[in-house]
Amino acid sequence: MEEETATEIPPDSTPLESVDIEMLETEGPISVNNYAELQKAISGSTGDLYVCLEGDIIWVENAGSTIEIQVAANRKITIDGQNQFKIDQNVKNNTSYNFRLQANAELTLKNMEIIGRTNYGIIWTRAAGARGVFDHVDYDGPPPFYGEGYNSTMVIRGSNFNIQAGNGGTAEELIQGANVIFEGGRTTITHAMSTNTNAVFYMIHGSSSSIKLTEGAEVTINTGNYVLYNADINYTTLLM
């Protein structure tokens with residue numbers, strides 16, 4: 001008699017029913033409807049995770065700041081908006097962020113609209129090897145990624161960014177961090193024109209920073225300001 005094997009459910013299977021996260025035995029794919037379920041899904045599990053949104057994620061404030069969700073070291077988590085649902089940072093100050101990545105963690109936000117509102121990004125990290133991936137997203141707001149770690153990386157796949165200051169702040173960059181990789185697809189970056197001298201790429205680690213385009217990646221940048229700021233070479237209008 002042949003031994004039966006479990007059939008893996010692919011991430012794009014449709015549609016998923018909501019899961020009682022307390023009873024969850026596998027690490028995904030699962031569906032969540034709101035911030036509380038998303039927070040519980042990530043903090044209540046330990047392995048890699050694929051999460052499908054079944055509702056908009058409106059972040060919860062605590063005394064004016066967002067309540068961050070931590071992605072532990074070496075985890076890979078994907079949050080898929082299924083081209084229907086969004087994440088709204090929903091905070092009044094300029095110093096909050098939504099996701100904090102630990103060493104070698106990877107968080108992918110895909111197929112969604114994202115509304116950012118603070119200077120410190122939707123994704124923040126100071127950990128080595130951390131990767132924040134924006135995969136076919138439409139983003140509006142201040143920097144979506146803030147990476148203090150020398151080896152952290154922002155990865156972009158076929159997305160649209162409308163970068164502008166939020167909540168009275170002055171940050172108007174696509175990234176403050178070390179490394180950017182455009183992995184295929186067509187990406188458009190519209191950079192707000194203002195009295196600030198913020199560059200599109202604010203590379204805060206000088207000669208340790210990099211901007212890379214893989215084969216098939218197309219990037220269009222619309223800006224009236226500088227394209228690149230590098231801590232070693234100061235402002236320049238050259239991208240590569």
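**Reading salt bridges and a helix face**

Me: At 26% relative accessibility, how does glutamate 183 count?

Reply: This is a predicted model. Buried means under 20% and exposed over 50%, with partly exposed in between. Glutamate 183, at 26%, therefore counts as partly exposed.

Me: With which residues does glutamate 183 form a salt bridge?

Reply: General idea first. Side chains of opposite charge can pair when their charged atoms come close. Here, one partner of glutamate 183 is arginine 131, with the closest N and O atoms 3.9 Å apart. This pair links distant parts of the chain, 52 residues apart. Glutamate 183 sits in the loop between β17 (179-182) and β18 (185-191), while arginine 131 belongs to strand β12 (residues 131-141). Another partner is arginine 157, where the closest N and O atoms are 2.9 Å apart. Again distant parts of the chain are linked: arginine 157 is in strand β14 (residues 153-157), 26 residues from glutamate 183.

Me: How do arginine 131 and arginine 157 count by accessibility?

Reply: Arginine 131 has 23% relative accessibility, so it is partly exposed. Arginine 157 has 21%, so it is partly exposed too.

Me: Which residue forms a salt bridge with arginine 186?

Reply: Glutamate 218 does, with the closest N and O atoms 3.2 Å apart. The bridge runs from strand β18 to strand β21 (residues 217-222), spanning 32 residues. Arginine 186 is exposed at 58%. Glutamate 218 is partly exposed at 42%.

Me: Which residues do shared partners join into one network?

Reply: Glu106, Arg131, Asp135, Arg157 and Glu183. The count of salt bridges comes to seven.

Me: Now the helix. Which residues of α1 are buried?

Reply: Helix α1 covers residues 35-43, and its Tyr35, Leu38, Ala41 and Ile42 are buried. Down the axis of α1, these buried residues fall within an arc of 130°, so they line one face of the helix.

Me: Why look for a face at all?

Reply: An α-helix has 3.6 residues a turn, so residues three or four places apart point the same way.

Me: What do the buried residues of α1 pack against?

Reply: They pack against strands, including β1 (30-32), β2 (49-53) and β3 (57-58). Also on the list are β6 (69-71), β7 (76-80) and β9 (99-101).

Me: What reaches the backbone nitrogen of alanine 36 at the start of α1?

Reply: A side-chain oxygen of asparagine 34 comes to within 3.2 Å of that nitrogen.

Definitions and conventions: Residues are numbered from 1 along each chain as its sequence is written. This is a predicted model: local features need pLDDT of at least 70, side-chain atom pairs count only at pLDDT 80 or more; totals for chains, interfaces and linings use all residues. Side-chain values use heavy atoms; hydrogens and water are left out. A salt bridge is a side-chain nitrogen of Lys or Arg within 4 Å of a carboxyl oxygen of Asp or Glu. Helices (H or I, at least four residues) and strands (E, at least two) are DSSP runs, numbered from the N terminus. Buried means under 20% relative accessible area, exposed over 50%, partly exposed in between (1.4 Å probe, protein chains only). The arc is that of the directions from the helix axis to the C-beta atoms. Contact means heavy atoms within 4.5 Å. A polar contact is a pair of N or O atoms within 3.5 Å; within protein, one must be able to donate a hydrogen and the other to accept it, and residues adjacent in sequence count only if both atoms are side-chain atoms.
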